Amino acid sequence: MFTSSFITTIGIDFKIKKLDVEGKLVKLQIWDTAGQERFRTITSAYYRGAQGIILVYDITDEASFNNVRNWMRNIEQHASDNVNKILVGNKLDLAEKRVVAESRGRALADEYGFRFFETSAKDNVCVEEAFLSVAKDVLHRMQGEQANAQLLQQQQMSAASQPVRLTAAAPASSSSRGSGCCR
Ligand SMILES: Nc1nc2c(ncn2[C@@H]2O[C@H](COP(=O)(O)OP(=O)(O)O)[C@@H](O)[C@H]2O)c(=O)[nH]1
Ligand SMILES: [Mg+2]
């Protein structure tokens with residue numbers, strides 16, 4: 001929930017949100033990391049265990065948009081490779097102050113292969129959709145990983161139950177017989 005008295009995040013904020021994702025009840029643990037540079041060393045420690053990342057810039061703030069590339073470098077360094085990411089341009093309610101065109105946000109998201117949303121946390125526009133999207137991506141990835149692990153296990157089990165076939169080797173030649181340790 002947004003109230004305009006909400007202040008900038010100091011360090012880390014934590015919330016839990018339950019979502020229905022394709023009929024499955026998914027509990028999201030949301031770590032809201034501070035955007036300000038001075039908190040970066042604290043916040044990057046929280047990337048490692050993340051399964052999804054929502055990268056947010058402010059559509060009224062050019063610097064926040066340019067910073068997305070720095071955040072990406074930070075994520076590449078600290079988060080796991082397969083973490084699902086989306087790009088969000090926030091503060092859609094301040095459209096008259098917009099400096100980052102929607103097309104630029106979309107182009108950047110396309111470059112990274114991310115889904116893209118424009119939201120207003122204040123007016124609750126598209127926020128739910130953004131969270132749902134990343135939750136879906138994470139769920140699908142985990143289901144895929146689970147299916148792969150099962151397949152691998154089945155393959156290993158069926159390989160183990162195969163009879164072992166021993167092929168008679170040609171008798172060792174007399175010159176090699178007697179050499180080595182097994183006389
Ligand atoms: N008008 C408007 N202000 C917002 C919105 N989302 C966050 N803010 C304000 O933006 C300021 C910065 O907060 P936030 O975006 O969380 O950045 P951070 O916490 O510093 O990383 C705060 O004063 C918020 O109240 C929004 O959708 N619309
Ligand atoms: Mg914040």
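Is Glu102 exposed, partly exposed or buried? In this predicted model, Glu102 has 13 C-beta neighbours inside 10 Å. A residue is exposed at 12 or fewer and buried at 20 or more. Glu102 therefore counts as partly exposed. Glu102 lies in helix H3.

Gly89 is the bridge partner, in strand S4, of Tyr57. Strand S4 covers residues 84-90 and runs parallel to S3, with 7 bridges joining the two. The sheet is open and has 3 strands, in the order S3-S4-S5. The pairing is parallel. Strand S3 (52-58) and strand S5 (115-118) stand at the edges. Each has a single partner strand, so one side of each is left without a neighbour in the sheet. On average, neighbouring strands are turned by 20° against each other, direction ignored.

Two helices pack on this sheet. Helix H3, residues 102-112, touches S4 and S5. The direction of H3 makes about 155° with that of S5. Helix H4, residues 127-160, touches S3, S4 and S5. The direction of H4 makes about 175° with that of S4.

Next comes the nonpolar core. In soluble globular proteins, nonpolar side chains tend to be buried together. Here the largest nonpolar core holds 19 residues. Ile54, Ile86, Leu87, Val88, Ala130 and Val134 touch the most other members. S3, S4, H3 and H4 each supply at least two residues of this core. Take Leu87 as an example. Beyond its neighbours within four places in sequence, Leu87 is in contact with residues including Leu55, Val68, Leu108 and Phe116. Gly105, Ala109, Tyr112 and Phe114 are also among its contacts.

Neither is a glycine, yet Asn124 has a positive phi of about 55° and Cys126 has one of about 65°. Their surroundings can be counted as well. Asn124 has 12 C-beta neighbours inside 10 Å, so Asn124 counts as exposed. Cys126 has 19 other C-beta atoms within 10 Å and is therefore partly exposed.

Last comes the ligand. Ligand 1 is surrounded by 14 residues. The closest are Thr8, Thr9, Gly35, Ala121 and Lys122. By type, the shell around ligand 1 divides into 5 nonpolar, 6 polar and 3 charged residues.

Terms used: Residues numbered from 1 in each chain as written. Chains lettered and ligands numbered in written order. Predicted model: local features only at pLDDT ≥ 70, side-chain atom pairs only at ≥ 80, totals over all residues. Pairing = 2+ DSSP bridges. Helix = DSSP H or I, 4+ residues; strand = E, 2+ residues; numbered from the N terminus. Axes fitted to C-alpha atoms, helices over the stretch in contact; angles between N-to-C directions. Contact = placed C-beta atoms within 7 Å. Near = placed C-beta within 6 Å. Nonpolar A, V, L, I, M, F, W, Y, C, P; charged D, E, K, R; others polar. Core = buried A, V, L, I, M, F, W, Y, C linked by C-beta atoms within 7 Å.
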